[in-house]
Amino acid sequence: QVQLVESGGGSVQAGESLRLSCAASGSTYSSYCMGWFRRAAEKERERVALIDTRDGSTYYADSVKGRFTISLDNPKNTLYLQMNSAKPEDTAMYFCAATPAYGGYLSWCIERGGSFAYWGQGTQVTVSS
């Protein structure tokens, strides 16, 4: 079992920055796909960013590309999402997720879609205009 705990959410003005953190514990696998997803009110869950822990390769949704950065601090077992130039449409509950990685590197992670084995409880981000 893997436990994921998000933190860092809050309220910011449009154009400001925010950093989300996800502390992972209980890992029993050597390689994971990890990522951030979000769900805005009355909308479907959206994949925001992914990282493959095997080689550090990353994927971003078009809506956040160039503004958000996903990163992993291995010694701290912590996943981050740096959110710059925040927009009101970034307002959502943000979830950290992880799933054991078995092949194909980042392309395999992308093909998983939202089928990740482990999820955090979420942290709310609100961006005001």
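In strand 11, serine 128 is the bridge partner of glutamine 13. Welcome to this structure, which is a predicted model.

**Strand 11 and its partners**

- Strand 2 (residues 10-13) runs parallel to strand 11, and four bridges join the two.
- On another pairing, strand 9 (residues 92-100) is antiparallel to strand 11, with three bridges between them.
- Within strand 11, valine 125 has alanine 92 standing opposite.
- The side chains of strand 11 (residues 123-128) alternate between two faces. Thr123, Val125 and Val127 point to one face and are buried.

**Arginine 38**

- You will find arginine 38 in strand 4, which covers residues 32-39.
- Arginine 38 counts as buried because its relative accessibility is 6%, and the cut-off for buried is under 20%.
- Its side chain takes part in a polar contact of 2.8 Å with the side chain of tyrosine 94.
- A polar contact at 3.5 Å links the side chains of arginine 38 and serine 63.
- Leaving aside neighbours within four places in sequence, the residues in contact with arginine 38 include Glu44, Arg45, Glu46, Val48, Phe68, Glu89 and Asp90. Ala92, the residue that stands opposite valine 125 of strand 11, is also among the contacts of arginine 38.

**Serine 71**

- Strand 7 (residues 68-73) is the place to look for serine 71.
- With a relative accessibility of 30%, serine 71 counts as partly exposed, because that class lies between the 20% and 50% cut-offs.
- Not counting residues up to four places away in sequence, serine 71 touches Ile51, Thr78, Leu79 and Tyr80.
- Between serine 71 and cysteine 109 there are 15 Å in space, C-alpha to C-alpha, and the two are 38 residues apart in sequence.

**The largest pocket**

- The largest pocket holds about 210 Å³ of space.
- Its lining is made up of 14 residues. Ser27, Tyr32, Met34, Asn74 and Asn77 are the ones that lie nearest the centre of the pocket.
- Sorted by class, eight of the lining residues are nonpolar and six are polar, while none is charged.

Conventions: Residues are numbered from 1 along each chain as its sequence is written. This is a predicted model: local features need pLDDT of at least 70, side-chain atom pairs count only at pLDDT 80 or more; totals for chains, interfaces and linings use all residues. Side-chain values use heavy atoms; hydrogens and water are left out. On a 1 Å grid over the protein atoms alone, a cavity is a set of points where a 1.4 Å probe fits but cannot get out, and a pocket is an open set with protein on both sides within 12 Å along at least five of seven lines; lining residues have an atom within 4 Å of a point. Grid points are joined across faces, edges and corners, and a volume is the space filled by probe spheres set on the points. Ala, Val, Leu, Ile, Met, Phe, Trp, Tyr, Cys and Pro count as nonpolar, Asp, Glu, Lys and Arg as charged, and the others, Gly among them, as polar. Buried means under 20% relative accessible area, exposed over 50%, partly exposed in between (1.4 Å probe, protein chains only). Two strands pair if DSSP finds at least two bridges between them. A polar contact is a pair of N or O atoms within 3.5 Å; within protein, one must be able to donate a hydrogen and the other to accept it, and residues adjacent in sequence count only if both atoms are side-chain atoms. Contact means heavy atoms within 4.5 Å.
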